[in-house]
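Trainee: I am new to this structure. Please take me through its salt bridges, one by one, and then through what surrounds them.

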Amino acid sequence: MTIENAAFERYRCSPNEKTTLPRLFFGTAIVIAFWMAATALVLFAGTYLYIVWRLPGPSTGQYMQDFLASPTGILSALSSFAGIWIGLWVAMRFLHEEPLAALFGVSRRIAGGDFLKGLVAVLITSLLSEVLLYWLQPEIARGPIAFSSWLLFLLPIALLAFLQTSSEEMLFRGYLLRALACRFRSPLVWAVLPGLLFTSLHWNTASTLAINASVFISIGTFALLLTLLVYVTGNLGAGFGAHLGNNLTGFLLISHQEAYNSFALLNAKPLEGPGWTSWDAVLIAAIGIVSTLLTILLLLHRRSPLRVGATNQSLG
């Protein structure tokens, strides 16, 4: 399995002279500010409407938590990631004086073929990992959503999941990675640093230290895969698809998080719940690593029909 990086070299050299470290720090602050503003708007406005309109969902007296755990709250929380897109547009347009599309790749378009291959590959390996997780913990139940309602929400959830995952790819594997790679040659800076920032966002205070560590390892390994896809293709398309496939599995098929299980057909034992042992955490991390390695084989092996590369045509 040979990995070429010519496309990535063109991508890392594409920023203009206004991509400096001070501007990168300031631009990141702008993105975070818009993201937090969108999140605050969703939380407070959504909670208010949840109370006034008496929307369906849990009723524990903790109104904001009840709203976020409701179907409306989940949809609203996903929509808050639009703040990242807006912040990135502002930073690129007024701070770096580049079009937002420059983050997609040198072609300034998303590689459509790579997007579909990344999506299919991760859907395949996610199903395999779910089989292994079921072997580890067979506690699984049918979700509360009716199948007709699931079909009704299928497209909105898919679109909002794409909004969420694409915004994260644009920020961590686009904006930060591209700028840091332009300034530093070492992957310890341009690959590991954004990956650590991305992974740290998934720390759950409700989970045990062992489960958090296992999730941290699994997501960190997946983040390295997403970075590797940019390194091979010089484009965010494959990462867009891979990240979307991963989250769609959790949102729509089998949920492992109690707070995000309203639209899943099946609910597994929540990772933030009690009863997990340290050995369970080790096996969960191992399953995550194996799943990611299989995804790498599907997307990068020269004989794989899902192999991605810099020659695929772009969307648009």
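Mentor: Start with E9, which forms a salt bridge with R185; their closest N and O atoms are 3.6 Å apart. A salt bridge here is a side-chain nitrogen of Lys or Arg within 4 Å of a carboxyl oxygen of Asp or Glu. This pair links distant parts of the chain, 176 residues apart. E9 sits in helix α1 (residues 6-12), and R185 in the loop between α7 and α8 (187-190). Helices are DSSP runs (H or I, at least four residues), numbered from the N terminus. R185 counts as exposed because its relative accessibility is 59%. The cut-offs are these: buried is under 20% relative accessible area, exposed is over 50%, and partly exposed is in between (1.4 Å probe, protein chains only).

A word on the model before we go on. It is predicted, so local features need pLDDT of at least 70 and side-chain atom pairs count only at pLDDT 80 or more, while totals for chains, interfaces and linings use all residues. Residues are numbered from 1 along each chain as its sequence is written, and side-chain values use heavy atoms, with hydrogens and water left out. The predictor's confidence in each residue is its pLDDT, from 0 to 100. The protein chain has a mean pLDDT of 92, and 97% of its residues reach 70 or more. Over residues 312-316, the pLDDT is below 50.

Back to the charges. The structure holds 4 salt bridges. Take E98 and R178 next: their closest N and O atoms are 2.8 Å apart. This pair also links distant parts of the chain. E98 is in the loop between α5 and α6, R178 is in helix α7, and 80 residues separate them. E98 is buried because its relative accessibility is 5%. R178 is buried too, with a relative accessible area of 4%.

Now stay in helix α7. E169 forms a salt bridge with R173, with the closest N and O atoms 2.6 Å apart. The two are 4 residues apart in the helix, so about one helical turn separates them. E169 counts as buried at 1% relative accessibility. R173 is likewise buried, at 1%. Salt bridges that share partners also join E9, R12 and R185 into one network.

Which buried residue has no salt bridge? E130 is the one to look at. The nearest side chain of opposite charge, K269, is 14 Å away. For charge, Lys and Arg count as positive and Asp and Glu as negative; His and the chain ends are not counted. E130 lies in helix α6 (residues 112-136). Its contacts (heavy atoms within 4.5 Å) include T249, I254 and H256, leaving aside neighbours within four places in sequence.

Last, the nonpolar surroundings. A nonpolar core is a set of buried Ala, Val, Leu, Ile, Met, Phe, Trp, Tyr and Cys residues joined through side-chain atoms within 4.5 Å. The largest one has 58 residues, and L88, M170, L171 and Y175 touch the most other members. Helix α7 (residues 147-183) gives the most to this core, with 13 residues. Look at M170: beyond its neighbours within four places in sequence, its contacts include W85, L88, L236 and F240. Another core, of 14 residues, lies apart from the largest one; V232 and L299 are among its members.
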